[in-house]
Amino acid sequence: LYAGNYEDELGIFACPVHDAVCIGALLRPELVTYEKVCMDISTEGITAGESVVDFAGEWGRKENVWLGMSIDTQEFVNVVTQALEKPRGAFV
């Protein structure tokens with residue numbers, strides 16, 4: 001059902017792994033490449049409630065957040081696979 005929602009919305013049958021990425025980044029920060037950007041939360045219009053980033057620097061405001069831009073996918077998969085192979089509670 002969960003993956004089916006993504007298929008309906010995005011056209012792909014898959015489940016996102018954003019929670020696992022957060023934990024992976026905490027345990028292995030070198031997996032993620034970051035960029036300092038100016039980010040705000042939109043409160044109006046079609047983007048209301050969304051995080052909006054000024055990549056072009058047009059807002060004239062100072063960068064206020066480190067945004068994850070890429071991840072070492074293969075190493076992340078290795079970390080998740082290794083965690084799943086260990087007995088419950090033995091990952092950390």
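**Charged pairs and their setting**

Tutor: Let's start with the chain as a whole: of its contacts with a separation of 6 or more, 46% are between residues 24 or more positions apart, where contact means heavy atoms within 4.5 Å. Keep in mind that this is a predicted model, so to speak a computed picture: local features need pLDDT of at least 70, side-chain atom pairs count only at pLDDT 80 or more, and totals for chains, interfaces and linings use all residues. Residues are numbered from 1 along each chain as its sequence is written, and side-chain values use heavy atoms, with hydrogens and water left out.

Now the layout. The chain has 3 helices and 4 strands; both are DSSP runs numbered from the N terminus, helices being H or I with at least four residues and strands being E with at least two. In sequence order, the pattern reads α-α-β-β-β-β-α. The radius of gyration is 17 Å, well over the 12 Å that the globule rule gives for 92 residues, so the chain is more spread out than a compact globule. That radius is taken over C-alpha atoms, and the rule is 2.2 Å times the number of residues to the power 0.38. Along its principal axes, the C-alpha trace spans about 50 × 35 × 20 Å. Of the 92 residues, 15% are buried, and the cut-offs go like this: buried is under 20% relative accessible area, exposed is over 50%, and partly exposed is in between (1.4 Å probe, protein chains only).

On to the pairs you asked about. Side chains of opposite charge can pair when their charged atoms come close. A search of the whole structure finds 3 salt bridges, each being a side-chain nitrogen of Lys or Arg within 4 Å of a carboxyl oxygen of Asp or Glu.

Take Arg-28 to begin with. Its side chain meets that of Glu-30 in a salt bridge, at 2.5 Å from N to O. Glu-30 counts as exposed, with 55% relative accessibility, while Arg-28 is partly exposed at 27%. Arg-28 also meets Glu-75 in a salt bridge, this time at 3.3 Å, N to O. Glu-75 sits in helix α3 (residues 73–85) and Arg-28 in the loop between α2 (18–27) and β1 (32–37), so this pair ties together parts that are 47 residues apart in sequence. Glu-75 itself is partly exposed, with a relative accessible area of 23%.

The remaining pair to look at is Arg-61 with Asp-40, whose side chains meet in a salt bridge at 3.2 Å, N to O. Arg-61 is in the loop between β3 and β4, and Asp-40 in strand β2 (residues 39–41), so the pair ties together parts that are 21 residues apart in sequence. Arg-61 is partly exposed at 42% relative accessibility, and Asp-40 is partly exposed too, at 35%. Now step back to the pairs around Arg-28: salt bridges that share partners join Arg-28, Glu-30 and Glu-75 into one network.

What about a charged residue that has no salt bridge? Look at Asp-54, in the loop between β3 (51–53) and β4 (65–71). Asp-54 is buried and has no salt bridge; the nearest side chain of opposite charge is Arg-61, 7.3 Å away. For charge, Lys and Arg count as positive and Asp and Glu as negative, while His and the chain ends are not counted. The Asp-54 side chain does reach the backbone nitrogen of Glu-58, at 2.9 Å. Leaving aside neighbours within four places in sequence, Asp-54 is in contact with Cys-38, Trp-59 and Gly-60.

Ser-42 counts as buried at 15% relative accessibility. Its side chain reaches the backbone oxygen of Glu-44 at 3.1 Å. Not counting residues up to four places away in sequence, Ser-42 touches Thr-47, Ala-48, Gly-49, Glu-50 and Val-52.

Terms used
Polar contact = N/O pair within 3.5 Å; in protein donor to acceptor, adjacent residues only side chain to side chain.
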